[in-house]
Amino acid sequence: MHVHEEHDVHFSSSSIRINPSPHDHSLLSNLQSCSKTLSSHLSNTRLSLTRILHSFKTRHTSTQTRRRNSPTQILNSITQLMIGNNNSKSPLLSLSLIHSTNSIRSENNEPATGLSSPLLCCASLSLTQDVIQQQQQQVVQKGHSSRSAEEERVLISEVLVRTKDGEELERKDLEVEALAALKACRANSALTVREVQEDVHRIIESGYFCSCTPVAVDTRDGIRLMFQVEPNQEFRGLVCENANVLPSKFIQEAFQDGFGKVINIKRLEEAITSINGWYMERGLFGIVSDVDTLSGGIVRLQVAEAEVNNISIRFLDRKTGEPTKGKTRVETILRQLTTKKGQVYSMLQGKRDEDTVLAMGIMEDVSIIPQPAGDSGKVDLIMNCVERPSGGFSAGGGISSGITSGPLSGLIGSFAYSHRNIFGRNQKFNVSLERGQIDSIFRINYTDPWIEGDDKRTSRSIMVQNSRTPGNLVHGNQPDNGSLTIGRVTAGIEYSRPFRPKWNGTAGLIFQHAGARDEQGNPIIKDFYSSPLTASGKTHDETLLAKFESIYTGSGEHGSTMFAFNMEQGLPVLPEWLFFNRVNARTRKGINIGPASFLFSLSGGHVVGNFSPHEAFAIGGTNSVRGYEEGAVGSGRSYVVGSGEVSFPMRGPVEGVLFTDYGTDLASGQKVPGDPAGARLKPGSGYGYGFGVRVDSPLGPLRLEYAFNDKHTGRFHFGVGQRT
């Protein structure tokens, strides 16, 4: 084939379709892969482009031509070189001859030095196999010189951005974006192959164009470099497939700024990154797996969400870690899980399920392991459970706040037998005995944390208790230094369940048989001041209580918001049974300011009706108004106690604390039968303030505090656990 001297060379870069692999985890990685592919393809063209520069260097030296080393001759030489490399099959490189059908000639009918319309016609090159082999041999012979030609520079007189047909872009803003992306290619600049490659890459990376073709055109004024670009489509719609849990509103908000505008790959990447971030924040196994642009400017997103295919329980031996047979029923564990088959798996939800199973108290360790369910795109969940010993004996000790005198003031020893997992259903049975200097408690308790067949997580507790506690909270400070105790035999049943997030409700019936005894254990009905100790006038009061309690726990931490409301109603089923109503409420609020933590608490209550005097609200003491003994401020039908404290870290587990308390019986002390507070000259109101330290321990916070009351009397207070 004869090649005309005025033929130009046209290098085209194919469009890149962003089509992420299903194994990729973000569009960013897909774009990076796409960028690497583009760089790879451009590197494949480097040899051919190097030969172009080499052809400029080895121009024809014929003295017969009117212009030595004319651009048309150079382009002809380039064409001959490129033919030999046509079998490289680089997907980003195609060769066309741009032929002008209306060549401008001078008045003497000689060809002009420029090309007036180099893009009017394209002709494909076809050569016989022999010619191709000859050209390839020429390329091999010149290969040694092409390596250095890559860094050779060619002077460019003009740089333009045009459409793939050589026309001006309709949208000037896109032309501005393309020109702004160029770094090296400027008018009247000398360029290398690498610099042209890099600027082609920059135009593509601007995100507005799906293809970019650098075209060299010989003009009367020199070499013109045109970047022929193909803009992306305008964004006209969105199709999102397989997004079952992703809110449509979130998708709309992620893409709404791009509607009606040319699709920008970078903004598309940001939108898809936000979608992937939505899944990540919620711990969901979901990701945008594919993105494509359809005709009409419709963007199609394909989302991969891993649904739970199956959940299985695997018990592991505590010592060896090998699979073993468990004592707990599998259905008892599965009903605790909020993760169900068919749901998109959430790691955060799985972590909550682990904590829920641990909170059952029968497991030593719990972990969920997700595994792919074949090629279905779903996951199988395996929950590994290490069981604790189901039952045994235990012994311990504690402190009773009701005893304020004696060599072993307040010390209590305890002994208990418990079974945590009766019949493998997580049911609890406990028998315990606590014994102190004066007080004692024997208790039998059975608890079913989740009644079978109930879908509201209702628990049931049955209790029988025989207790003896000091009566000095209301009837203490007797002149003869005598002491009395309150004996109670109690039996009841309670039902409890959550009814709203962070809210829990309890309802029950409790029967109580209570009376007072002296130091020798003899029943008494009056104290030293002749104040009655029972409401019925007998040695014992009997009460059937209907109980209701509602608790809001916030985050569960000590400094979090807490609110509790309790109401007890005495039911006079028999005439001698007491009839009264008692309400009690308490709240707590914590605030962190820097390293310091502020905690404010408020409690109050009121009782109406005929009730036992020893059941009056006692004010003062470690968990009430510090600086006073237990119950020393007052005892009444009503009360209000407020407290404020600030704690700050000192060293390690040690914290310092400053506090102030105030309590009052609201002048209700004399309304208690026999006015035990007035007989003991209790003030009815008072405040205290002081300081202390707290140390974290396995038993809970150990509190040692020193407080002054409004009588300027100081007193130490020691406690275990947080203030109630």
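**Asking how we know**

Me: Which residues does V229 touch, if we skip those up to four places away in sequence?

Reply: V229 touches V161, R162, T163, K164, L169, I203, F209, S211 and C212. Keep in mind that this is a predicted model. What makes each of these a contact is that heavy atoms come within 4.5 Å.

Me: Okay, now salt bridges. How many does a search of the whole structure find?

Reply: The search turns up 31 salt bridges.

Me: Why is the pair E494 and K547 called a salt bridge?

Reply: The N to O distance between their side chains is 3.2 Å. The cut-off is within 4 Å, so the pair qualifies. E494 sits in strand 21 and K547 in strand 24, so the pair ties together parts that are 53 residues apart in sequence.

Me: What makes E494 partly exposed?

Reply: Its relative accessibility is 23%. Buried means under 20% and exposed means over 50%, so E494 falls in between.

Me: And K547, is it buried or exposed?

Reply: K547 has 17% relative accessibility. That is under 20%, so K547 counts as buried.

Me: How do you know that E705 and R694 form a salt bridge?

Reply: Their closest N and O atoms are 3.4 Å apart, and the limit is 4 Å, so they pass. The pair links distant parts of the chain, with E705 in strand 33 and R694 in strand 32, 11 residues apart. Both E705 and R694 are buried.

Me: Which residues are joined with them into one network?

Reply: R626, E645, D661, R703 and R723 belong to that network along with R694 and E705, joined by salt bridges that share partners.

Me: What about K711 and D710, how far is N from O?

Reply: Their side chains meet with N and O at 3.8 Å. That is still within 4 Å, so this is a salt bridge as well. K711 counts as exposed because its relative accessibility is 51%, and the cut-off is over 50%.

Me: Next, strand 11. How does strand 11 run relative to strand 9, parallel or antiparallel?

Reply: Parallel, with five bridges joining the two. Two bridges are enough to call strands paired, so strands 9 and 11 pair.

Me: Which residues make up the covered face of strand 11?

Reply: V299, L301, V303 and E305 do, while I298, R300, Q302 and A304 form the uncovered face.

Me: What makes K502 and L681 worth a look?

Reply: Most residues other than glycine have a negative phi. K502 is not a glycine, yet its phi is positive, about 70 degrees. K502 is found in the loop between strands 21 and 22. L681 also has a positive phi, near 55 degrees, and lies in the loop between helix 13 and strand 32. Its relative accessible area is 74%, which is over 50%, so L681 is exposed.

Definitions and conventions
Residues numbered from 1 in each chain as written. Predicted model: local features only at pLDDT ≥ 70, side-chain atom pairs only at ≥ 80, totals over all residues. Heavy atoms only, no water. Helix = DSSP H or I, 4+ residues; strand = E, 2+ residues; numbered from the N terminus. Buried < 20%, exposed > 50% of the residue type's maximum accessible area, 1.4 Å probe, protein only.
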